[in-house]
Amino acid sequence: MAVARSSVFFVGRNQNASWPILRRRRSSTDMLSDFAFWAREKERGLLRLLTRVVRAALRAWDIFILTLAIYLVLVLLTAVYFQQVVLAGLLTNLLAVPLVGLIVPLGLVALLLGMLVPPAGALAAWLVTLLVECLLALVDFFAGRGLSYGIPSPPPWLMLLYLAALVLFAVAVDRRKRQRWALVVLVALALLVVTHPFPPQLTPDELELTVLDVGQGDALFLAFPNGETWLVDAGRGAIEQRDGYRIGEAVGETVVRPFLRARGLKRLDRIWLSHAHHDHMAGLVAVLGEFPTRSLNVGPNPASRAYEDLLEDARARGIPVVIHRAGEQFAVGEVKVEVLWPTMDYTPGKSPSNNDSQVLRLCRQTNCLLLPGDIEERVEKTLAASGTPLEARVLKVPHHGGHGAASEEFLAAIKPEVAIVSVGATNPFGHPFPEVEDRLRAVAPRMFRTDRDGAVTVRLGNDGLQVTNFAASRRAQPYPSLAAKLAACARNLLLLESR
Ligand SMILES: [Zn+2]
Ligand SMILES: [Zn+2]
């Protein structure tokens, strides 16, 4: 605008100068003063333009600082409560805040005008709609850029430090003193929250099996004495309807991922799929998307659409797919791992079946865990008759305790001390069957069901076998005491120092 005005002025002065008959002959002094006047005006115009640009930049900076301040508060809350870092928020708000600043007053104007002069109100409302559509398109654009990711919750000491830094920052801004230092400290702590450079919560020198409570399905977490971590299956997924809606719970997202994050894990060494049934496989998609892994380990499964999609997803992420057969043995530190089923001559049918399940036996010295997937009575009896050593102190009961599961021959070969049934509350199949429970109780002194006991954790350490379950620990202590929280905080600090 300033430039335009000075240009008009310049043209006007020149037009007068081009009529020598009407005007007296202009002296060179006049022309010089004209030029000086024009130059001054031009300079003022440029200055005005520059001022406006600087003002706009300062306003954008204000919005950025406001967005950053909101983000720095939210980054802790989203990490603690949702285990998420939402980088998109920082970028989206930069553009969304000024847009909302227009939408709200214009919306009120449209409302008032609508009551007084309806056509004018309609026009203002159309403008508001346009702006709201821009806002939604903006949010959609950033939401689809993958600018959010899962992160383990920050340790309690970091939460406390972060809250203290927020308060200090607010005080520094209020007093206009040491603001820069307060911001540097806050941003440094925010970087710790969003990168979580802390070791996972694993007990060294211990073999851990946690049977997660994923309803009807299986999801097993294993931590080895050497720190290696595995996931065997990840429960069911939501079922996508034709109209885009999803029904059912996607436990890979709602249970398995939060569990792994709560343990401070950002990657897994191996992911296993026992067999290609929905209640074991569907949750793996969500896990593969967040946790990098060295390999996806499968058995010989039929090429169902969902199974092929999973393999394709793994390959697209650069994760090698390894197919295992019975007879394979390898060691993970001091733990011996054996694949007991399917045999080399096993051929899967056209669609996935329970007997495709991989059967894994993990032994630390003479302490063994048996993970038989969903194998049914026929395979159980084949294994029991094969003479393969099956003894295990802990048995994950096959096929959710369904019909024929945990046959007498199989249990006699295993001689389990602890039997764990992974099963959904009020599941439509009636699992576990009462006769299966009776057989288990007759053999195993301790039996757990994830529908009643929640997640069950078995620890094979130097001091023997320990079993805990979520429901019992919650009953014993419904809310962690302040002392327990402080103890956890101190433990985390010590852990950090020891590394
Ligand atoms: Zn199953
Ligand atoms: Zn199955």
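## Strand pairing

Two strands are said to pair if DSSP finds at least two bridges between them. In this predicted model, strand β3 (residues 207-211) and strand β4 (residues 220-223) are joined by four bridges and run antiparallel. Within this pair, E208 of the one strand stands opposite A223 in β4.

## The sheet

The sheet is an open one made of eight strands, which follow one another in the order β10-β9-β8-β5-β4-β3-β18-β19, and its pairing is mixed. Because β10 (321-323) and β19 (464-469) each have a single partner strand, they stand at the edges, and one side of each is left without a neighbour in the sheet. From one strand to the next, the twist averages 20°.

## Helix α10

Helix α10, which covers residues 305-316 and so has 12 residues, reaches 16 Å from its first C-alpha to its last, close to the 16 Å expected at 1.5 Å a residue. The helix α10 is followed by G318, a residue whose phi is positive, near 80°.

## Helices α3 and α4

Two packed helices are described by the angle between their axes and the distance between the axes. Helix α3 (residues 87-116) packs with helix α4 (residues 118-143) at an angle of about 165°, and their axes are 8 Å apart. Since angles over 145 degrees count as roughly antiparallel, α3 is described as roughly antiparallel to α4.

The crossing of α3 and α4 is left-handed. Sorted by class, the residues in the contact of α3 with α4 are 25 nonpolar and four polar, with no charged residues.

Terms used
Residues numbered from 1 in each chain as written. Chains lettered and ligands numbered in written order. Predicted model: local features only at pLDDT ≥ 70, side-chain atom pairs only at ≥ 80, totals over all residues. Helix = DSSP H or I, 4+ residues; strand = E, 2+ residues; numbered from the N terminus. Axes fitted to C-alpha atoms, helices over the stretch in contact; angles between N-to-C directions. Parallel < 35°, antiparallel > 145°, perpendicular 65-115°, else oblique. Left-handed = near helix turned anticlockwise from the far one by under 90°. Nonpolar A, V, L, I, M, F, W, Y, C, P; charged D, E, K, R; others polar.
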